[in-house]
Amino acid sequence: MTTTTSTRNLLLIGAATVLALAGCTADHTSDSGASAPLQRPPVAPGEDSAGETGTDEDPQSTFALDVDTASYGYARRLIQDGRLPDRSEIRAEEFVNSFAQDYREPSGDGFAVYVDGARPPSFHEAGSEVRLMRVGLQTRREDTETRKDAALTFVIDVSGSMSERGRLDLVQDALHTLVDELRPTDSVAIVAFSGEARVVREMTRVSDAGSLHDAIDSLHTESSTNLEGGLVLGYRVARDGFRSGASNRVIILSDGLANVGNTDAAPILSQVREEAAKEIALLGVGVGSEYGDSLMEQLADRGDGFVVYVSERAQAREVFVKQLPASLAVRALDAKAQVTFDSEAVESYRLIGYENRALADQDFRDDRVDGGEIGPGHSVTALYAVRLAEGASDGDQVARVRVRWLDPADREPSEVSESVRVADLGGAFEGAAPRLQVCYAAGFFAETLRGGREASYDDLARVADRAADSTEDPKVRELAELIDRASRLD
């Protein structure tokens, strides 16, 4: 239900996706982990051993909206290369948010909220009282002809590890394409870092394309990886070239394997907070067969941005040509969601993923607490497993979903909400919306990779295959093939 209330294109998907995709994009737009078993966090008060949270202890689920998709992209690369990802690198929400949805857009600048669900498929090991609940959030697209100019500072990793084929060479090819595609009134700056950071090109209008192409061609690999130095200098260049009224971004392109200077996100970002001040978002593009997933993710989460991992030429072309021009703006700052479950109808619940984005319930309306930054035409999906209370009837309210965000222009807060009842979650899985079935397959594929036993690879592959038939989406067909390949690697 709704409420009023892009050898040149591989990395292009990173720049474009980072700027254009925030996870589940609507159909009309369409720690460098050590090999160790997953260690689940301690059971919190009100949370049972299966990861479910009892409503008698905590009826509210609160989290910052997250539009990262790097976890799925990197897992996909590894599985296609014949390796399973480390469990610590699996973030289920990024699997779910890697696929298109069909939520309707709101008429205004805020969010539309969509809530639906179904009974789990018959093979799902959870009990007859469990229901699936999908929370979908959608922002309005932006007119490509009227978008604001962009001021983009690219921070390029030129360390020795980037000499591997498919890293720096693809960065250069992607940047050449980017310069050719942006508007003459847009601006680009380039910073390179290895053992030290240096300015390759100060902020330059795209109308001076020749100098930008020369700067890109001058990039070459050097020594170690001082990501801290690169990011600090990048923000300084972005601040010096800041354009009021434009979309200002720092975009870091790296394999995330920092080995000089600070290698943790917090001390790095503490040095750029003043330059950022929520006016310059940090966007991350991960590359390479060995990839520092944790560092890149934390940088994006704490730097008011998001991160993708890139590896596909065809996707890069599609994303760059169709979506980049319309997706440089921000629709919502510090966006958060809070789902309040009714203890009379719900015994317990589990949010699939979002562990790194959880917030204290009282922080929902504390606008000093960071949320997620969401752009135009973006959608975000959260998938819950909800265990109904004994005696719950169809008319009982299951939950109320609230979304809160700050207006990018004046920082004024807004909220929108929607409710869902038991009957809304009671339909058979086979009759559920095809995109809900995709969310289930993607989310529980992630859970199974993490060691979950609620669904098998074979069953999930069949779900994804049927959903691919219904949606005619080649990315969903690829998901089915990926799940099948993973089953043979496990």
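**A walk through the predicted model**

Asp363 is found in the loop between β12 (346–351) and β13 (372–374), where strands are DSSP runs of E with at least two residues, numbered from the N terminus. This is a predicted model, in which local features need pLDDT of at least 70 and side-chain atom pairs count only at pLDDT 80 or more, while totals for chains, interfaces and linings use all residues. Residues are numbered from 1 along each chain as its sequence is written, and side-chain values use heavy atoms, with hydrogens and water left out.

Asp363 is buried yet has no salt bridge, and the nearest side chain of opposite charge, Lys336, is 6.7 Å away. Buried here means under 20% relative accessible area, computed with a 1.4 Å probe on protein chains only, and a salt bridge requires a side-chain nitrogen of Lys or Arg within 4 Å of a carboxyl oxygen of Asp or Glu. When residues up to four places away in sequence are not counted, Asp363 touches Lys336 and Val369, contact being heavy atoms within 4.5 Å.

Five strands form an open sheet in the order β1-β12-β14-β4-β3, with antiparallel pairing. Since β1 (53–54) and β3 (111–118) stand at the edges, each with a single partner strand, one side of each is left without a neighbour in the sheet. Within the sheet, β12 pairs with strand β14 (residues 379–388) in the antiparallel sense over five bridges, where pairing asks for at least two bridges found by DSSP. Arg350 stands opposite Ala385 in β14.

The aromatic rings come next. The structure holds 13 aromatic pairs, a pair being rings of Phe, Tyr or Trp (its six-membered ring) with centres within 6.5 Å, stacked if the planes are under 30 degrees apart, edge-to-face if over 60 and tilted for the rest. The rings of Phe341 and Tyr349 have their centres 4.3 Å apart and their planes at 15 degrees, so this pair is stacked. Phe341 is buried, with a relative accessible area of 3%, and Tyr349 counts as buried at 4% relative accessibility. Phe341 also forms an edge-to-face pair with Tyr384, at 5.5 Å centre to centre and 70 degrees between the planes. That pair links distant parts of the chain, Phe341 in strand β11 (residues 332–341) and Tyr384 in strand β14, 43 residues apart. Tyr384 is buried as well.

Elsewhere, ring pairs link Tyr72, Phe95, Phe99, Phe445 and Tyr457 into a cluster.

Technical notes: Helices (H or I, at least four residues) and strands (E, at least two) are DSSP runs, numbered from the N terminus. Buried means under 20% relative accessible area, exposed over 50%, partly exposed in between (1.4 Å probe, protein chains only). Lys and Arg count as positive and Asp and Glu as negative; His and the chain ends are not counted.
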